[in-house]
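Open the model in your viewer and keep the sequence panel beside it. We will go from one selection to the next, with a short note on what is there at each stop.

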Amino acid sequence: MTKRLYYDSSEIREFDSVVEVVAPLSPEHPRPAIILRETAFYPTSGGQVHDTGWLSLEGADRLRVAEVAEAEDGSIVHYLEAPAKLPLPGDKVHGSIDPDRRRDHMQQHTGQHVLSAAFIELYQMATVSFHMGEDYCSIDLATPSVSPAQIAAAETRANHLVWENRPVRIRYVSRVEAEKLGLRKLPPTERDELRLVEIADFDLSACGGTHVSASGQIGSILLRKTEKVRQGIRVEFVCGERAVRMARHDYSALSEAAALFSAQLGDVPEQIRKSLEESKVLRKQKEDSLDELAELMASAALQSQPETNGRKVVVRVFPDRDIAFAKLFAQKVTRVATPAIALVASTVDPPGLVFAQTPAQISSGAPGSTADMGALLKQVLSSVGGRGGGSRDFAQGGLPASSTANLNVEQLLREAAGTIEA
Ligand SMILES: [Zn+2]
């Protein structure tokens with residue numbers, strides 16, 4: 001069992017120790033793993049992520065500690081980025097913790113204690129889990145809902161506690177004693193001695209993590225997204241330097257949006273609402289115009305097309321309109337009383353074909369509407385390597401993207417028309 005130097009002080013960044021175990025590399029363990037007699041490196045546990053840093057050996061390069069984990073027997077395992085020369089058991093090492101990463105973790109973790117206590121104090125909402133990620137942290141509250149006003153009030157209360165700069169103390173008590181103290185959180189494990197973290201006159205809980213020594217060092221607590229999860233409501237938050245970084249990031253994004261609208265920051269939501277409303281109107285106008293255009297083009301095409309065998313066969317290639325318009329055009333051509341067949345293509349990327357005929361119920365079963373569009377399309381596509389299908393009256397398919405450059409699509413459609421008329 002490794003002695004944990006961080007238990008007594010979160011401020012230790014440098015320490016000397018001795019190598020106890022060097023795990024051999026294997027396919028399952030591609031990274032070297034080292035166990036020391038004592039360590040100040042914090043292993044991932046209790047919702048808090050591990051430290052990183054370096055191990056220095058006399059007369060050798062520094063070894064980068066990339067990950068730190070807790071083994072079942074209580075040992076702390078330091079995983080190294082594959083180094084050239086590994087130490088041997090008994091070697092003396094000097095450990096250095098990445099100070100910025102550790103400070104960040106202390107801010108997030110202690111901030112979590114303050115925030116969880118604030119939710120209890122104000123709304124009796126208990127924290128059932130804590131997660132610390134690389135970008136943001138979250139707690140899950142055992143409650144069916146949290147209002148935006150409650151979020152704001154908990155944030156305010158938590159920040160007041162930060163600014164009061166209350167001492168954060170560590171002490172050890174027996175489990176029996178701990179049960180009498182009324183802790184916010186009592187771990188379920190059967191341990192004789194518990195490590196308590198106390199924020200003076202505000203919060204007392206059992207925790208093995210690294211914490212700041214006074215609440216002022218948390219800096220600030222910023223609450224962000226909330227979402228419903230299985231066990232309640234998840235509240236995302238960031239503390240200290242992360243809060244400043246996140247606020248800076250948000251400000252930049254909002255400023256960019258405001259500049260695009262030539263608006264003040266606070267007016268951006270209103271500008272977006274207006275803009276969305278305008279695009280909705282424009283989209284509707286565009287749809288109506290395209291519908292009218294397709295209608296006019298279809299009727300002109302039908303007028304100029306002579307009738308053969310009691311029906312009209314319209315062949316059309318659109319080099320500048322998409323497949324949706326080709327489909328619209330085909331529908332307009334075939335939804336008239338005169339039986340008609342439309343063999344239409346769009347060569348705009350992605351190129352495609354639409355084959356349609358006036359359904360028998362519209363043309364009153366008039367002679368001529370007896371071709372099979374699905375079968376015809378399959379036949380045409382099989383010759384050029386496209387994919388698609390459909391029913392007797394309507395079929396649609398895609399042409400290979402590269403085919404339209406060296407394929408005479410109009411010729412392809414005329415040949416298909418020829419097979420119907422034959
Ligand atoms: Zn803690």
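## Getting your bearings

Start by colouring three ranges: the protein is divided into domain 1 (3-97), domain 2 (102-259) and domain 3 (283-421), with bounds that come from an automatic or database domain assignment. This is a predicted model, in which local features need pLDDT of at least 70 and side-chain atom pairs count only at pLDDT 80 or more, while totals for chains, interfaces and linings use all residues. Residues are numbered from 1 along each chain as its sequence is written. Now zoom out: the centres of domain 2 and domain 3, taken over C-alpha atoms, are separated by 64 Å.

The element names used below follow DSSP runs, numbered from the N terminus: helices are H or I runs of at least four residues, and strands are E runs of at least two.

## Stop 1

Select strand β5 (residues 53-57) and strand β6 (residues 63-70), which pair in the antiparallel sense over 3 bridges. Two strands count as paired if DSSP finds at least two bridges between them. Click on W54 and look across to β6, where its bridge partner is R64. Between the strands of this hairpin lie 5 residues, and G59 takes a positive phi near 70°.

## Stop 2: a pair of helices

Move on to helix α1 (residues 99-123) and helix α2 (residues 148-163), which pack at an angle of about 120° with their axes 9 Å apart. Axes here are lines fitted to C-alpha atoms, for helices over the stretch in contact, and angles run from 0 to 180 degrees between N-to-C directions. That angle makes α1 oblique to α2; under 35 degrees counts as roughly parallel, over 145 as roughly antiparallel, 65 to 115 as roughly perpendicular and the rest as oblique. The crossing of α1 and α2 is right-handed, that is, the near helix is turned clockwise from the far one by less than a right angle.

Show side chains for the contact: V114, L115, A118, F119, E121, L122 and Y123 on α1, and Q150, A153, A154, R157, A158, L161 and V162 on α2. Residues are in contact if their C-beta atoms, placed from the backbone, lie within 7 Å. By class, this contact of α1 with α2 has 11 nonpolar, 1 polar and 2 charged residues. Ala, Val, Leu, Ile, Met, Phe, Trp, Tyr, Cys and Pro count as nonpolar, Asp, Glu, Lys and Arg as charged, and the others, Gly among them, as polar.

## Stop 3: two open sheets

For the next view, pick the open sheet of 4 strands in the order β9-β10-β15-β14, with antiparallel pairing. Its edge strands are β9 (127-132) and β14 (221-229), each pairing on one side only. Neighbouring strands of this sheet are turned by 20° against each other on average, direction ignored. β9 and strand β10 (residues 137-141) share 5 bridges, and T127 has L141 as its bridge partner in β10.

Then bring up the open sheet of 3 strands, β11-β12-β13, again with antiparallel pairing. At the edges stand β11 (168-174) and β13 (203-206), each with a single partner strand, so one side of each has no neighbour in the sheet. The twist averages 25° from one strand to the next. Strand β12 (residues 193-199) is joined to β13 by 4 bridges, and I199 has D203 as its bridge partner in β13. Bring α1 back into view: α1 packs on this sheet, touching β11, β12 and β13, and its direction makes about 120° with that of β13.

## Stop 4

Select helix α5 (residues 268-304) and helix α6 (residues 323-334), whose axes come within 8 Å and cross at roughly 50°. That makes α5 oblique to α6, and their crossing is right-handed. L290, D291, A294, E295, M297, A298, A301 and L302 of α5 meet F325, L328, F329, K332 and V333 of α6. The contact of α5 with α6 divides into 10 nonpolar, no polar and 3 charged residues.

Finish with strand β19 (residues 387-390) and strand β20 (residues 394-398), antiparallel and joined by 4 bridges. The hairpin connects β19 to β20 through 3 residues, and the bridge partner of G390 in β20 is A395.

Conventions. Two residues are in contact if their C-beta atoms, placed from the backbone, lie within 7 Å.
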